[in-house]
Amino acid sequence: MTYAEIALWREIKNKKLGVRFSRQIPIDRYIVDFYCKDLRLAVEVDGSVHFEEGNHENDLKRQTRLESLGVRLIRFSNPDVKNNLSWVLDEIRKEIEGWVNHKKSPCFCKGFFHLMKKQALTQNSVQPNYKTKGDQHQDYLQTDI
């Protein structure tokens, strides 16, 4: 694990955010850094290799596959985790709260997975769901599921 992954793990392990995260979890043919099974939420901490030429397509392919399996994926850069850990934790909390609030709605169970499948099929240009603070790595755009 990288320094950034260790720092984030210290803050999310043992249900510190109210849900259980596990680390280095295999899903299909990929391994995600952190995963909350109950929310089907994966959190990735991307090092510099993800910003090298050619790796963007690999990240897109990976994200598309994971989303097709019903996994929500959010990404953060190593520098953001190291330098803005409180912001990263706030973003993860927002994802958790959004999921919990959405799950309480009456139509959640009936249409959620159908909606996800429909969105995956209709998106013309899927981009890695990459969250960043500041103006670095602007070529990675965030998409909502």
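Trainee: Which residue in β4 is the bridge partner of Val43?

Mentor: The bridge partner of Val43 is Ile74, in β4. Keep in mind that this is a predicted model.

Start with the two strands around that bridge. Strand β3 covers residues 41-46, and β3 pairs with β4 in the parallel sense. The pairing runs over six bridges.

Now widen the view to the sheet. The sheet is open and has four strands. Their order is β1-β2-β3-β4, and the pairing is mixed. β1 and β4 (72-77) stand at the edges. Each has a single partner strand, so one side of each is left without a neighbour in the sheet. Neighbouring strands of this sheet are turned by 45° against each other on average, direction ignored.

Where does the sheet sit along the chain? The protein chain has five helices and four strands. From the N terminus on, the elements run α-β-β-β-α-β-α-α-α.

Next, look at helix α1. This helix lies across β1, β2 and β3. It runs at about 30° to β2. Helix α1 spans residues 3-12. Its buried residues are Ala4, Glu5, Ala7, Leu8, Trp9 and Ile12. Here the spacing is worth a thought. An α-helix has 3.6 residues a turn, so residues three or four places apart point the same way.

A search of the whole structure finds two aromatic pairs. In one of them, the rings of Trp9 and Phe34 have their centres 5.8 Å apart. Their planes are at 5°, so the pair is stacked. Trp9 belongs to helix α1 and Phe34 to strand β2, and the two are 25 residues apart. Both Trp9 and Phe34 are buried.

The other pair is Phe76 with Trp87. Their ring centres are also 5.8 Å apart, but the planes are at 90°, so this pair is edge-to-face. Phe76 is in strand β4 and Trp87 is in helix α4, so the pair ties together parts 11 residues apart in sequence. Phe76 and Trp87 are both buried.

Stay with helix α4, which covers residues 85-103 and holds Leu89. Leu89 counts as buried because its relative accessibility is 7%, below the 20% cut-off. Leaving out residues up to four places away in sequence, Leu89 touches Leu8, Glu11, Ile12 and Leu17. Of these, Leu8 and Ile12 are among the buried residues of α1. Leu17 and Leu89 are 72 residues apart in sequence, yet 8.5 Å apart in space, C-alpha to C-alpha.

Two loops deserve a look as well. Most residues other than glycine have a negative phi. Lys15 has a positive one, near 60°. Lys15 sits in the loop between α1 and β1 (22-27). It counts as exposed, at 52% relative accessibility. Asn14, which follows α1, also has a positive phi, near 55°. Asp28 has a positive phi near 60° too. Asp28 lies in the loop between β1 and β2 (30-36). With a relative accessible area of 43%, Asp28 is partly exposed.

Finish with the chain as a whole. Buried residues make up 45% of its 145 residues. Among contacts between residues at least 6 apart in sequence, 62% join residues at least 24 apart.

Notes:
Residues are numbered from 1 along each chain as its sequence is written. This is a predicted model: local features need pLDDT of at least 70, side-chain atom pairs count only at pLDDT 80 or more; totals for chains, interfaces and linings use all residues. Side-chain values use heavy atoms; hydrogens and water are left out. Buried means under 20% relative accessible area, exposed over 50%, partly exposed in between (1.4 Å probe, protein chains only). Contact means heavy atoms within 4.5 Å. Two strands pair if DSSP finds at least two bridges between them. Axes are lines fitted to C-alpha atoms, for helices over the stretch in contact, and angles run from 0 to 180 degrees between N-to-C directions. Rings of Phe, Tyr and Trp (its six-membered ring) pair if their centres lie within 6.5 Å; planes under 30 degrees apart count as stacked, over 60 as edge-to-face and the rest as tilted.
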